[in-house]
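Please look over the sequence and the coordinates shown here before reading on. The briefing is arranged by topic.

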Amino acid sequence: PSFRIKLQRLRGVKIGENVFIGMDCWLDSVRPEYITIEDYVSLAGRVVILTHSDPTKPIREIWGDQIQVFGPVVIKRGAWIAVNSVILPGVTIGENSIVAAGSVVTKDVPSNVMAGGIPAKIIKEIRK
């Protein structure tokens, strides 16, 4: 895991301390510098983090250029992103939040909640 973190930092991903990045995670290759992962975050295996969406030219001709999306992704301190989750551009995951396995996160997730589903919605609050 420490090698994966070093490699991602070399690519420009901002990664805090005590972060775990599981096997087969894919962090956007177009704008890796748009990704911030704070301290004590855990990314389980096969997590995908996207900072851009750039459809083909024919699709842009139909939908217009507004369909192109570039946006930062921030995963706040203590968050846990479970296996096979996808985080889309422009999303912030709040402190100490959990993203359930297999979720697709299209909007910000507040702190101290569990979110899951496609698209991800708040499932419950996490209390101390």
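The model is a predicted one. Its open sheet is built from 4 strands with parallel pairing, in the order S3-S6-S11-S14, while S15 and S16 pair with each other in the antiparallel sense.

**Parallel sheet**
- Strand S3 (26-27) and strand S14 (104-105) lie at the edges of the sheet and have a single partner strand each, so one side of each is left without a neighbour in the sheet.
- The partner relation between strand S11 (residues 86-87) and S14 is parallel and runs over 2 bridges, with Val86 standing opposite Val104 of S14.

**Nonpolar core**
- The largest nonpolar core holds 26 residues, and those that touch the most other members are Ile37, Leu43, Ile49, Ile75 and Ile93.
- Two or more residues of this core come from each of strand S4 (35-37), strand S9 (73-75) and strand S15 (113-116).
- Leaving aside residues up to four places away in sequence, Leu43 touches Phe20, Ile21, Gly22, Cys25, Leu27, Ile37, Ile49, Ile75 and Ile81.

**Hairpin of S15 and S16**
- S15 and S16 are joined over 4 bridges in the antiparallel sense, and within this pairing Val113 stands opposite Glu125 in S16.
- Between the two strands of the hairpin there are 4 residues, and Gly117 takes a positive phi near 110°.

Conventions:
Residues numbered from 1 in each chain as written. Predicted model: local features only at pLDDT ≥ 70, side-chain atom pairs only at ≥ 80, totals over all residues. Heavy atoms only, no water. Pairing = 2+ DSSP bridges. Core = buried A, V, L, I, M, F, W, Y, C linked by side-chain atoms within 4.5 Å. Buried < 20%, exposed > 50% of the residue type's maximum accessible area, 1.4 Å probe, protein only. Contact = heavy atoms within 4.5 Å.
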